[in-house]
Amino acid sequence: MKLNIIKIALLIILSCWTLTAVAQKVTLKGTVLNRNAEKLEFVYVSLLKNDSVQSAIAMTDRLGNFTINIDKGGYLLLLEQFGQKLYQNKIELERDTDLNSIIVDESVHLEGVTITSSRKTVERKIDRIVFNVDKTLSATGGNAWDVLKITPGLRVESQTISMIGKNTVSVMIDGRLMQLAGDGLSSFLATISSEDIKTIEVITNPPARYSAEGNSGLINIVLKGSKKDYIGGSIRSSYQRSAKNKGYFGADFSYQRNKTSAFANFTLGKGSSERTESMKVFYPNQLWEQSSDQEVFTSSLSGRAGVDYDLTNKTSIGIQYLVNANKPDLNETILTHIYKIKSLYLDSTITTKGDADSKYHSHSVNLHFKTKLDTLGHNLTIDFDYLNYENNMTRLNTSFLDIADASQSAAISNIQNSMSDQNIKAYTSKLDLDLPISLFEMSIGGKLSVLRNHSGNDIREMDGKEVLQSETTDRFRYTENTQSAYVNFNKKVKKFEFQGGLRLEATQTKGRSVVLNQVNKNEYIKLFPTLFVTYEPNDVNNLSLSYGRRISRPYYQRLNPFKWYSNPYSYSEGNPFLLPSYTDNVELTHTYNNSLTSAIYFSKTTDGTDQVTLVDTKTNMQATVWKNYIDDYSIGLTESYNFNLIKWLDSYAQVNLNYLKVKSTIPSTVSSKEGANFFFSINNHIFFNAAKTIIGEVNYWYNASGTDGVYDISSSSCLDLGLKFSFMNKKLDLVCNASDIFKTNIATIKGLSNNIEVQYRNYYFPRNIRFSVVYRFGNKSLKSKQQKLSNEEERQRLN
């Protein structure tokens, strides 16, 4: 009770703290023209405090107009286009001001102004939420998995990533889709240092340019590149203490001068962690209570390197290489207590000792080419990608049976030795062409992908005397070929902006079980339309409506029909008959003053895929399998607010309320389920001095009890704290992060199988404390000729 009072008091303080962040704002607007009185588009208009700290930024539209809402005070007004500074002047803003026309000379390049970026931690755009990772300190010293846990709009549990109020999503690295899930995806993300991540883009309704993969959208992890006219890098190290110890060390190097950009980095990790999993199965006459204590020792390596070269002032080529390796070794003790249901008298106990040695590694190569065909915005981009992923695992289970009434001690009753190997190769090519014409902007493109997944599994089962009882072997071959093409249109008409697109994807799959002599083929051609309509009645209001259709193809691991045992009575397996699922998303969004966002959304999923535990009352077997058995409908409301009205506090709060209705096609589960879900989160950055060399962070989220598929899920919450000290002109950072302070990030899941109640409660020890040190070095005094890079416009517009 005392703990709850402390938590409630802390939330009230944070809420009141945030609500006091009120400041009077004024509006600045104007029109930018060149010497020929032509209106200039894509000019960045910045207001700088103390001549260097960026307080606000806007970009001129096609008519050269811009509007900025900002606090009263004195500022340096700076105009930039394509990396060149065109105009600067000091102004005092005490009331709404219209500068009318600002005449600039495009041939003049101003020197002597350095901008310190002051982007918001969270930015809302027409089709996505952009989370600026370098603005938060909770991710310092961590990895990509840690960053996703604190990304607004996402929910990360065990090895599952989903958008709040919606289904699971697909993950991209620099716009390239990752064909991994579960342990494979989490292991891969754990090898990417948070220091290498620039932004996380939560794309709720991706346009036609992107792959249609991901029922609820896409998560794009954008990695950092090279700075302009720069040579330098950083070294970093961190120590994490949870139930066990972990440590990380890494470094990065970056170079850019004239036509050449290059970067390289690596991260080493070593240590161990603990996790617990529990399950209860309420049979008619027995209660099976299973608990698993696991220790995972991990040794990991990740690296990334790339080079870009400008062939001309319009054309550039580049290559990028990524490597990830992880060796998690699992030691597990599983206790299965079997009770008589009426008396709860202990009948027997099964003790299983499990040892699993795993090895994951992946290599990825990207070749890219970009050229500006003319000065009107016609651009051509070509990408070639290759991915090689391997996963090898060996697991030894030794089970002991102890009968409570028997006088003898426990004896070995079963030994299982399982071996699994998997190799995935993916070849992808992609072409994008921007074709602006007088009536509208248009882009077209296509993508070809060839995927090969080979996996093998072997199980040897012996009795207590190590006599071979059975041996099962299988080899699974899966191929997937996809051809896609898209067209996308964009048009601005006064206060309206329209964007529509259509993507066509043709897919051919073939799965073959060698030993079972089982072949499954599937071919389909589908259309995926997208539509965005935006209306801006004035400078502070923005209304948008979007629609998109998505597909979720089964991950390769889930297609493998082989059984993976955790004890003699419990196993999991894939399903080679899995089919894609489809989702339609509609969202209506209103944004006020670029800070308060309200959204109403609706989604419908057919042939949804999920795991389900099937319980056999005759044999007591518990089989967890993947099936297409869910159709769901979800309607919800999201409110988010970005508080940055006072200098020492930057906060982002979000509330989500949705109602979910699920229908199941499996007779063994409930036929339908419906219920409401509620989620609240708030992230706070506290600046303790004007130089922002001492920064605190308070993050909290709460998820109320509700419905998840055909299961009921209990409430859970999490409070994280962080503190960062910067020294040596912010070249040296000392950071301390504490996660899940009250150990409340744990939930109980309940469901029915053949009218038998099944409960799950897992805890992966997110409660930890992490100490990190980061030192940056570099020289930005490199001089090069003043040459506009071929991709400068694209870089500016992306920012």
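What follows is a walk through one protein chain, from its overall make-up down to a handful of residues. Keep in mind that this is a predicted model.

The chain comes out at 5 helices and 44 strands, and 50% of its 799 residues are buried. If you take the contacts with a separation of 6 or more, 65% of them link residues 24 or more positions apart.

Now for charged pairs. Side chains of opposite charge can pair when their charged atoms come close. How many salt bridges does the count give? It comes to 12. Take Arg236 and Asp252, whose closest N and O atoms are 3.3 Å apart. Arg236 sits in strand β16 (residues 230-241) and Asp252 in strand β17 (residues 245-257), so this pair ties together parts that are 16 residues apart in sequence. Arg236 has a relative accessible area of 6%, so it counts as buried.

A second salt bridge brings together the side chains of Glu295 and Lys244, at 4.0 Å from N to O. Glu295 belongs to strand β19 (residues 286-310), while Lys244 is in the loop between β16 and β17, so here the parts being tied together are 51 residues apart in sequence.

Arg553 is in the loop between β29 and α4 (556-559) and Glu505 is in strand β27 (residues 496-513), so the pair ties together parts that are 48 residues apart in sequence. Both Arg553 and Glu505 are buried. Some salt bridges also share partners: Lys244, Glu274 and Glu295 are joined that way into one network.

Still with lysines, have a look at Lys359 in strand β22 (residues 346-372). Its relative accessible area is 41%, so it counts as partly exposed. Which residues does Lys359 touch, once you skip those up to four places away in sequence? They are Asn326, Lys327, Glu390, Asn391 and Asn392. Ser299 is 60 residues from Lys359 along the chain, and their C-alpha atoms are separated by 9.7 Å.

Next, the nonpolar side of things. Leu543, Leu545, Val586, Leu588, Ile600, Phe602, Ile635, Leu637 and Tyr659 make a nonpolar surface patch of about 740 Å². The elements giving two or more residues to this patch are β29 (541-552), β32 (581-592), β33 (596-615) and β34. In a regular strand, side chains alternate between the two faces of the sheet.

Trp648 is partly exposed, with 35% relative accessibility. Ile686 is 38 residues away from Trp648 in sequence, yet the C-alpha to C-alpha distance is 5.6 Å.

Strand β39 (residues 711-713) and strand β42 (residues 747-753) run antiparallel over 2 bridges, and Asp712 has Lys750 in β42 as its bridge partner. β42 also pairs in the antiparallel sense with strand β43 (residues 756-763), this time over 7 bridges. Within that pairing, Gly751 stands opposite Val758 in β43. β42 and β43 form a hairpin with 2 residues between them, and in the turn Asn754 has a positive phi of about 55°.

Last stop: the cysteines. A disulfide is a covalent bond between the sulfur atoms of two cysteines. How many disulfides does the structure hold? The count is 0. Among the cysteines, Cys718 is buried with a relative accessible area of 5%, whereas Cys736 is partly exposed at 24%.

Key:
Residues are numbered from 1 along each chain as its sequence is written. This is a predicted model: local features need pLDDT of at least 70, side-chain atom pairs count only at pLDDT 80 or more; totals for chains, interfaces and linings use all residues. Side-chain values use heavy atoms; hydrogens and water are left out. Helices (H or I, at least four residues) and strands (E, at least two) are DSSP runs, numbered from the N terminus. Buried means under 20% relative accessible area, exposed over 50%, partly exposed in between (1.4 Å probe, protein chains only). Contact means heavy atoms within 4.5 Å. Patches are made of residues with over 30% relative accessible area and no salt bridge: like charges are joined within 9 Å, nonpolar side chains (Val, Leu, Ile, Met, Phe, Trp, Tyr) within 5 Å. Accessible areas come from the Shrake-Rupley method with a 1.4 Å probe; for residues, only the protein chains shown count as cover. A disulfide is a pair of cysteine sulfur atoms within 2.5 Å. Two strands pair if DSSP finds at least two bridges between them.
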